[in-house]
Amino acid sequence: MKKVGFRLLLIFVLTLSATFFTALMLKAAIGTYACWDALSVNVSQLTGLKVANFSMIMNVSCVFLQLLILRRDFQPSMLLQIPFVILFGTLVNFFYYNILTFEVHSYMFRLALCVLSVSGVAFFLGFLTSLNLVNISVETTCNIISGKYAIDYAYLRVGIDVICIAVSIALSLIFGLDFTIREGTLIAMALLGPLEKQFMKIFRPVSERLEKL
């Protein structure tokens, strides 16, 4: 029981930290992470929804897509993705609207926040992913589709980012919204994956020791 409690606490602390650094990217306002975040900001501008709400909706939709594809092979434990994405999005909203309330006027400070965000997200998500206790819904869905229909995972994952970027730019042009695909997006696309991979390697021995506790 203590072991389960410790793991849940660790997941919460790492998620809390990752969401704080995710909110920093939104605060920097020089671009967002490519997948759902750019569209989330666009939808927020159009509807007044909080910035992470659309991401939560899309991630939960990914879980139901997994259910449709796997059917009987869908494991009940995979439903745990839903409370995780709701927790993640709720915490991003909390930090963005209640904690990061300061004004940012300097472009260099915005750029520093962007780099800090990417580094922090890579660090804490790398640790979280290395624990193998939480499935990230988009990546899990891509893995399932790749295995089921023999589609290359990398092309599929990048394809989702490209579609999100294209739709975000289209919404910005059609409705006159602020562009959410900017230099920060390019920085995140270039650095997040490699950094997260390195942190996963660093934390894997730690995760293996934690499994034996």
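Close-up 1. Phe 84 counts as buried because its relative accessibility is 9%, buried meaning under 20% relative accessible area with a 1.4 Å probe and protein chains only. Leaving aside neighbours within four places in sequence, Phe 84 is in contact with Thr 15, Leu 128, Val 134, Asn 135 and Ile 136 (contact means heavy atoms within 4.5 Å). Although Phe 84 and Asn 135 are 51 residues apart along the chain, 8.6 Å separates their C-alpha atoms.

**Close-up 2. The crossing of helices H3 and H6.** The axes of H3 (residues 53-70) and H6 (residues 137-149), which are lines fitted to C-alpha atoms over the stretch in contact, come within 9 Å and cross at roughly 25°. That makes H3 roughly parallel to H6, a term for angles under 35 degrees. Among the residues of H3 that meet H6 are Asn 59, Cys 62 and Leu 70, while those in H6 include Ser 137, Ile 144 and Tyr 149.

**Close-up 3. The buried residues of helix H7.** Helix H7 (residues 153-175) has buried residues that include Leu 156, Arg 157, Asp 161 and Cys 164. What covers the buried residues of H7 includes helix H2 (37-47), H6 and helix H8 (183-211).

**Notes.** Residues are numbered from 1 along each chain as its sequence is written, and side-chain values use heavy atoms, with hydrogens and water left out. Because the model is predicted, local features need pLDDT of at least 70 and side-chain atom pairs count only at pLDDT 80 or more, whereas totals for chains, interfaces and linings use all residues.

Methods
Axes are lines fitted to C-alpha atoms, for helices over the stretch in contact, and angles run from 0 to 180 degrees between N-to-C directions. Helices (H or I, at least four residues) and strands (E, at least two) are DSSP runs, numbered from the N terminus. Angles under 35 degrees count as roughly parallel, over 145 as roughly antiparallel, 65 to 115 as roughly perpendicular and the rest as oblique. Buried means under 20% relative accessible area, exposed over 50%, partly exposed in between (1.4 Å probe, protein chains only).
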